[in-house]
Amino acid sequence: MDPFRNPFAPGAGSRPPELAGRDAILEMGRISCGRALNGKSARSIMLLGLRGTGKTVLLNEIGRNADSYGLLTSRVESPEGESLARLLFPEMRKVMRSLSGVEAAKHLALRGLKGLRNFASAFKLEFAGFGIGVEPDDEPGLADSGDIQYDLPDLFLLIGKATQAAGRGWLLLIDEVQYLSEADLAALIVALHRMSQEGLPVVLVGAGLPQIARLAGEAKSYAERLFQYPAVGALDPSSAAQAVQKPITDEGARIDSEALEIIVSRTQGYPFFLQEWGSVVWNRADGPEITSIDVEQSYAETLALLDEGFFKVRIDRLTKAEVQFVTAMASLGDGPYAMADIAKSMSRTLNSLGPARANIISKGMIYSTDHGFLDFSVPLFAEFMRRQRRA
Ligand SMILES: Nc1ncnc2c1ncn2[C@@H]1O[C@H](COP(=O)(O)OP(=O)(O)OP(=O)(O)O)[C@@H](O)[C@H]1O
Ligand SMILES: [Mg+2]
């Protein structure tokens, strides 16, 4: 069928034509944002899910909704090895600057900008056009300790108060939270805790791999109460069917029920897989109805695209020794995998595998599900590894 009219959206963070099965999470976001907009403290949200399940898409959607309600919105993605101070500084400055134009908030926002200047100098942040150094009206002691756990709450407090004075709220969106250092994650939690204690309208919506819930709990025991942790997983069968069928019928084409059933069951409802297969079968089919024959004929090409794209970019980030580790995992079948079994299949001791395990976790490829157990953070990855071995 006409590729120009292909509605599907494979690719990281691409907005799907139909955001199926996520109403409850969007509603949770609406409530938190709505409370913040009314100047009330609101519960922060941490979206937890494996790779390709639609976390980034949801963050963007929650941000778009918040913009339309009039919240101040900042969005950042935490790359590996980047400090939270550097990541948040430009966003906090933007928010303070925009609030400094509001009469009721001006005083607080200007003080916030002073705090930011201290912060930049304490954390040695250098940005074009932002003079760092002591100025005559500097306020010593404001966000200048150089310890993020003290300074970030100071700044959030000023932003929160200025936002409240302006009758607005601030929504901070952070993607890939699992890449934050432990100290940075702890600082973020302390700052949000402070917001909730003071009843200030600042909300975080974060997203990342499932281990964040435990990391946050280890960083600060009260994190559990501070956040809601909705799971962003595979879609249930009827949502998965809707994700494929609705975009097709919206374009004036059709898909028969057998064809739909094959896609839904073989993708197990994983959003990245649904988009890829939908896209390939649309291009391959003669139409106007997509049949089970079209679906079967486009399967191999779909897998090849995923293998060369979605799966390959993950494994390319591993060293040779790390690849051996994940190969051993995949050879044991589907996860979760007992660490002891992996060691045994590699004829190694548990201790000697510790560093490889830690590195692969920090690269976000695997995560520990339970004490002594590991699983892939990329859905269907074990199958991909076994396909590679057969090829
Ligand atoms: N609810 C949904 N219904 C249908 N397709 C979806 C849905 N959510 C996401 N998708 C599609 O799934 C794919 C992956 O989405 P996204 O990049 O947001 O996942 P992610 O969880 O952020 O992955 P990663 O952990 O790799 O960053 C995209 O092609 C997107 O269009
Ligand atoms: Mg993402």
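What follows is a chat about the ligand, the sheets and some backbone details.

Q: What kind of model is this, and what pLDDT do local features need?
A: This is a predicted model, where local features need pLDDT of at least 70, side-chain atom pairs count only at pLDDT 80 or more, and totals for chains, interfaces and linings use all residues. Residues are numbered from 1 along each chain as its sequence is written, chains are lettered from A and ligands numbered from 1 in the order in which they are written, and side-chain values use heavy atoms, with hydrogens and water left out.

Q: Ligand 1, then. Which residues come nearest?
A: A9, G13, S14, K55 and T56, out of 26 residues around ligand 1. Being near takes a heavy atom within 4 Å.

Q: How does that shell split by class?
A: The shell around ligand 1 has 12 nonpolar, 8 polar and 6 charged residues. Ala, Val, Leu, Ile, Met, Phe, Trp, Tyr, Cys and Pro count as nonpolar, Asp, Glu, Lys and Arg as charged, and the others, Gly among them, as polar.

Q: Which helices each supply at least two residues of it?
A: Helix 2 (55-69) and helix 11 (271-284). Helices are DSSP runs of H or I with at least four residues, strands are E runs of at least two, and both are numbered from the N terminus.

Q: What lies 2.9 Å from a nitrogen atom of ligand 1?
A: A backbone N or O atom of A20 does. So does a polar side-chain atom of Q275. An oxygen atom of the ligand is also 2.6 Å from a polar backbone atom of S14. A polar contact here is a pair of N or O atoms within 3.5 Å; within protein, one must be able to donate a hydrogen and the other to accept it, and residues adjacent in sequence count only if both atoms are side-chain atoms.

Q: How much of ligand 1 does the protein cover?
A: 96% of the 640 Å² of accessible area that ligand 1 has on its own. Areas come from the Shrake-Rupley method with a 1.4 Å probe; for residues, only the protein chains shown count as cover.

Q: How many bridges between strand 3 and strand 4?
A: 5 bridges, in the parallel sense, between residues 170-175 and residues 202-208. L172 is opposite L204 of strand 4 there.

Q: And the sheet of 3 strands, what order?
A: 8-10-9, open and antiparallel. Strand 8 (337-338) and strand 9 (366-370) are its edges, each with a single partner strand, so one side of each lacks a neighbour in the sheet. Strand 8 pairs with strand 10 (residues 373-376) over 2 bridges, with Y337 opposite L374.

Q: What joins strand 9 to strand 10?
A: 4 bridges, running antiparallel. D370 has F373 as its bridge partner. The two strands form a hairpin with 2 residues between them, and G372 in the turn has a positive phi of about 85°.

Q: Where are the cis peptide bonds?
A: One joins G287 and P288, with omega about 0°. P288 lies in the loop between helix 11 and strand 7 (289-290). Another joins G335 and P336, again with omega about 0°. P336 is in the loop between helix 14 (320-331) and strand 8.

Q: What about phi of K124?
A: Near 50°, a positive value in a residue other than glycine. K124 is in the loop between helix 4 (106-122) and helix 5 (148-165).

Terms used
Pairing = 2+ DSSP bridges.
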